[in-house]
Amino acid sequence: MNSDLESCSEWDRSTLVNENYANFRDTFCQDPADSKLQVTRFYENIAEDGNERPGYCVHPSPITFSDQIEYYAEQPDLCQVFGIYRKHSYSRLYITRELFETFIRAYSIFPSIWQFVVPFHFQVRGDVGHTPFKFRQLEADLQGNASFECAYSFHYASLNHRENLDDNPDFERWSIRQTAVYQQYQSTNGKMTFVLITPSDVAKECLDKAVLCSRSAKKQLHAFDLHQILISTLHENWGQYIQALENLVKDQSNHVMLAEVQCETESNPWRLDSAIDFLDRQRMRMIEDKILDLVVIFESLQDTLSQLQRQCCRQCLGPRLCENCNCATTIEELKDQMRVSQSYLKRVEVVYKRAQSTTQLFSSFLDHRNARMALLNDKSLNVLVEETKNEHAKMRTLTETSARDATAVRILTVITIIYLPMTTVANFFSTQLIRVDDSGKVSLISESWWFAVITVPLTVVTFLVWRYWLSTSIKHREREEDDSSYGEKSKDMPWKRSLSLQQSFYWLGRRLSAPSNGPLEGLPMAMP
């Protein structure tokens, strides 16, 4: 007993527990008020006079304190069945970690029990991982009966009784639940202890009835017979659950087989979306995951049944030494359950192959649609490229025409500049200010001074108006650039500086000699 306690404490201080500490926090409830460990005791009904009365008493009661566990561990009951429950598959166990550790120490349960507790932590999706069958042989009595303890887990399917209020196509009517079983047999006093973690109501009821019937018929309790009864309860709904998966795969297969495929002449790639989309393929992936979970479940169940058969053969002492020996019957029933599990596994493998082929069809349809969309996109892109080329050709033609027009305007400007002095002189001499007599002598009239008085101020006013217009245009452009994202760049613009008279004439000459794309193009740089 002390060595077992030391091994438990050592294992409790090991790195494995420290690594799973977060999982333990999500496995056990935190509030001691929610901690409820149920126990069902099967013990002899002793009268007050000390005489044994026929029959046995079944007394279920909750355990919330450590002292109660110590009390029940010292009682010489024939069988004790402990139940640890939780609200649903996504909640914590109704027991605190401290109370569970006290229970392990009081009943000297092997440390491997923790491996079966961890999968019950709070999680969004159920864990279907398999914890291998654990068995430990204890000391044997003088008659050869050996004490032992074992633990295993199995999964079962059950209806969750939820309502599909929103007509959700992905609604789940079935839930995969998990149960862990621990059993300890003490050959010295014949006491048998069962620990059932989240058992189904059917399994708990069948186990209680089996113990009552065995003791009422004054037969010795057979541990492996009880294990066989527990496992037999999980086959009740597997057939219906597998049939439900087969129907889902069949519906998806009909959905993809009856979908209309586009021909090459059709140009609408989205018409296929009304029949098949990406969500259909995702649903098939989810169905495949459920089927693969069943493969793991049934393979682990076969391993558990095989180990139970092996240990039953090892623990059986034969008809001579084993009282009311029915080990052969138990082994045959375990073999029958293995055959049932094997048939379920083969059925699941067939369904998985169908699901794979259906998923491949969905992928092919979606790939076909994507290829059609890519082809149409290529065609549209080619048309857009061709239109862009045509527009570029037109713009090039317009640019060439503009260049030719600018060249013609430049030529006309040069000719105008050449003839401007002659035109000015001819116009001056054609006025009334110049007189030429018959002898060819040229003279000015006495009132010619008014020409200079009017012409010079008018020229100055014209030049000042031009400078004002130029300065106003530059300031307006600077304000627009300051308001834009290129405000910083406008600070370095050369036309921001004041222009001299020489620069203004230089800019005017450039404007007259070359075409411009904007009102400020060709603006002179500040001269040094």
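## A pair of helices

In this predicted model, helix α4 (residues 66-73) and helix α5 (residues 97-107) have axes that come within 9 Å and cross at roughly 20 degrees. Angles under 35 degrees count as roughly parallel, and α4 and α5 are therefore roughly parallel to each other. The crossing in which α4 passes α5 is right-handed.

On the α4 side, the contact involves Ser66, Ile69, Glu70, Tyr72 and Ala73, which meet Leu99, Thr102, Phe103, Ala106 and Tyr107 of α5. Sorted by class, the residues in this contact of α4 with α5 are 7 nonpolar, 2 polar and 1 charged.

## Annotated transmembrane regions

An unreviewed UniProt entry carries the annotation "transmembrane region" for residues 408-429 and 449-470. In the model, residues 408-429 are 100% helix and 0% strand, with the end C-alpha atoms 31 Å apart. Residues 449-470 are likewise 100% helix and 0% strand, and the end C-alpha atoms of this span lie 32 Å apart.

## Aromatic pairs

A pair of aromatic rings is described by the distance of the centres and the angle of the planes. With ring centres within 6.5 Å taken as the limit for a pair, the count is 18 aromatic pairs. One of them joins Trp174 and Tyr241: the ring centres are 6.1 Å apart and the planes stand at 70 degrees, so the pair is edge-to-face.

Trp174 belongs to strand β6 (residues 174-186), whereas Tyr241 belongs to helix α9 (residues 238-257), so this pair ties together parts that are 67 residues apart in sequence.

Note on methods:
Residues are numbered from 1 along each chain as its sequence is written. This is a predicted model: local features need pLDDT of at least 70, side-chain atom pairs count only at pLDDT 80 or more; totals for chains, interfaces and linings use all residues. Side-chain values use heavy atoms; hydrogens and water are left out. Axes are lines fitted to C-alpha atoms, for helices over the stretch in contact, and angles run from 0 to 180 degrees between N-to-C directions. Helices (H or I, at least four residues) and strands (E, at least two) are DSSP runs, numbered from the N terminus. Angles under 35 degrees count as roughly parallel, over 145 as roughly antiparallel, 65 to 115 as roughly perpendicular and the rest as oblique. A crossing is left-handed if the near helix is turned anticlockwise from the far one by less than a right angle, and right-handed if clockwise. Contact means heavy atoms within 4.5 Å. Ala, Val, Leu, Ile, Met, Phe, Trp, Tyr, Cys and Pro count as nonpolar, Asp, Glu, Lys and Arg as charged, and the others, Gly among them, as polar. UniProt positions are given in the numbering used here, feature names are shortened, and annotations may be inferred rather than shown by experiment. Rings of Phe, Tyr and Trp (its six-membered ring) pair if their centres lie within 6.5 Å; planes under 30 degrees apart count as stacked, over 60 as edge-to-face and the rest as tilted.
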